[in-house]
Amino acid sequence: MSDLIRLNASELVALLAKREISSVEVTQAHLDQISKVGDAVHSFLHISGESALATAKDVDSRRAAGEKLADLAGVPIAVKDNLTTTDAPTTAGSKILEGWLPPYDATVVTKLRNQLLPILGKTNLDEFAMGSSTEFSAYGPSKNPWDLTRIPGGSGGGSSSAVSSFQAPLAIGSDTGGSIRFPGAVTGTVGIKPTYGAVSRYGLIALASSLDQIGPVARNVLDAAYLQDAIAGHDPHDSTSLSGSLGSMVEAAKRGSLKGKKVGLIKQLSGDGFQQGVRNRFAEALKLITHAGAEIVEVDCPSFEYAIDAYYLILPAEASSNLAKFDSVRFGMRVSPEGNPTIERVMAATREAGFGPEVKRRIILGTFALSSGSFDKFYGAAQKVRTLIQRDFDAAFAKADVLVSPTAPTTAFKFGEKVSDPLAMYLNDIATIPANLAGIPGISVPIGLADEDNLPVGIQFLAPAHEDARLYEVGAALEGILEGIWGKRMMDFAPELKVN
Amino acid sequence: MSEITPELVRHLAGLSRIDLDEAEVARFTEQLALIVDSVAKISQAIDASTPATSHPIPLANVFRSDVVQPSLSQEQALSGAPDSGQGRFRVAAILDEE
């Protein structure tokens, strides 16, 4: 294994700037790793080797000419396949969009191109980001590099598995109910859902527009900070885009401190019913947080009990509306029944053939929640619960600077364990969903391995809206303490990936 | 007894323009009944005075200036269409013959 791929993005930033390494070398090393482990892990739906190397070459010649480039120029990156790219097919993990070449780039992709990050390819996801395991991808699941018989989390399991198997130092994810943070927790990587509106959603194939947020996937907190700084900012193409700057995440991560912080332990998410190994690592992390000079205070968020229920009404309702655009007219697949069918029958046949089971289930559930007769009892009630959850957060943040919980109730589960039981699958997101309902930012940071299965465990920090920098500050501090104790990095615990 | 019946699932699938087969109707009836029974408890959490939230971070009056900007060309807009002609999307008959 090449040493270059073991380097963190922030280390690559420094070495590239000093021209001790070239972007072509770094990019080629990652493409080699993709060739080596790609089939076994199945992180990518499309690999853009040539264009990535062309970008890398451009970076190297500009640096040689003394041009001042963006921090991340030359650092390769993988992009989740629900972001549009004009030079690579964009499928959102669905058969209905197989082979679709979008006519425009997502704003985040434009930013990556402008800052000269070589884009290695497009990563796998549950179809239209609906799922927690990538088992709902129409193109087959991605595998967890820690144990190839287990899920890499979802929906962003392509991005999390790519970063944790050293196929990419950085990746882009999208988080609607935990699709960045849950994959981060189960693969021993860092994932951040920024404040709603901090990163433009233009060109993100929408799942639930009031919940979706694009964010960074990385192997450490500082790397993620570089990426958030690179992709954040106002975008006139997204009417929900925040107008002001949230400051420098890189500075916050470099500051890295827990001293004097009030850390709120959420009573409802303190670990009851969670896997024992998750609870053990979480309890140890809380001790370290206290030793580092923070004060733990308990906060009560009674409405969180209803968060999953509200989420599984709001999300399907918004998704059923967003996915109406896949109508066999403007893009994607068209299936025409025999005879001389009307357009309605063509649409129904196309959507039957093109959508997978979870997408159909959620569209029908959403249509139910929005239909007259059930609207007040279901969708309307869910929107009111959303208010209660926001109030719980307001009260909690009056007592604490950040809140804390385990990121997920379990470590990575085996393929097939939950795929036929939607309610069991939905419970993976119990700790991550409240942040999406309230629009606040959250980070998952690895805190070691569970005793019973030696698989990664993540801790989640949450901050008030616009206070993303706090997550980087406390996350980097805890990461630094843990690496000091371990004498190595989280990914150094990972067993060697056995590929044929 | 759940309010989710096979007839309702067929009706919702029709509204959603998804031509479900009978095996899917049976499976979704069972699964949606479980999901709907589970989520129905949210009505216990709220009362009439609780305001609804539709958006996490409300922004008001988001407008752009009324200036023509570059947009997709006709060719680009049609580039992903399964069928097109004469600069338009080509589709099956919109009205039934009856």
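This report walks through a few parts of a predicted model with chains A and B.

## Where the two chains meet

Let's begin with the contact between the chains. It takes 61 residues from chain A and 55 residues from chain B. Among the residues of chain A, Ile364(A), Phe368(A) and Lys384(A) supply 13% of the area that chain A buries against chain B, more than any other three residues. The size of an interface is often given as the accessible area lost when the parts come together. For chain A and chain B, that buried area is about 5,000 Å², and 69% of it is on carbon and sulfur atoms.

Charged side chains take part as well. Across the interface of chain A and chain B there are 4 salt bridges. You can look for a salt bridge between the side chains of Glu24(B) and Lys360(A), where the N to O distance is 2.6 Å.

Next, find helix α12 of chain A, which runs over residues 343-354. How far apart are its end C-alpha atoms? They are 16 Å apart, and this agrees with expectation because 12 residues at 1.5 Å a residue should span 16 Å. If you try the sum yourself, remember to multiply 1.5 Å by one less than the number of residues.

Is α12(A) mostly covered or mostly open? It is mostly covered, as 9 of its 12 residues are buried. Among these are Ile343(A), Val346(A) and Met347(A), and the list also includes Arg351(A) and Glu352(A).

## A buried isoleucine in chain A

Now turn to Ile314(A), which sits in helix α11 (residues 307-322) of chain A. Ile314(A) counts as buried because its relative accessible area is 1%, and the cut-off for buried is under 20%.

Which residues touch Ile314(A), leaving aside its neighbours within four places in sequence? They are Ser210(A), Leu211(A), Tyr379(A), Ala382(A), Gln383(A), Arg386(A) and Leu437(A). Val299(A) is 15 residues from Ile314(A) along the chain, and their C-alpha atoms are separated by 26 Å.

## A nonpolar patch on chain B

Finally, look at the surface of chain B. Phe89(B), Val91(B), Ile94(B) and Leu95(B) form a nonpolar patch there, with about 390 Å² of accessible area together.

Phe89(B) counts as partly exposed because its relative accessibility is 33%, which lies between the cut-offs of 20% and 50%.

Definitions and conventions
Residues are numbered from 1 along each chain as its sequence is written. Chains are lettered from A and ligands numbered from 1 in the order in which they are written. This is a predicted model: local features need pLDDT of at least 70, side-chain atom pairs count only at pLDDT 80 or more; totals for chains, interfaces and linings use all residues. Side-chain values use heavy atoms; hydrogens and water are left out. Helices (H or I, at least four residues) and strands (E, at least two) are DSSP runs, numbered from the N terminus. Buried means under 20% relative accessible area, exposed over 50%, partly exposed in between (1.4 Å probe, protein chains only). Patches are made of residues with over 30% relative accessible area and no salt bridge: like charges are joined within 9 Å, nonpolar side chains (Val, Leu, Ile, Met, Phe, Trp, Tyr) within 5 Å. Accessible areas come from the Shrake-Rupley method with a 1.4 Å probe; for residues, only the protein chains shown count as cover. Contact means heavy atoms within 4.5 Å. Buried area is the accessible area (1.4 Å probe) that two parts lose on being put together, summed over both.
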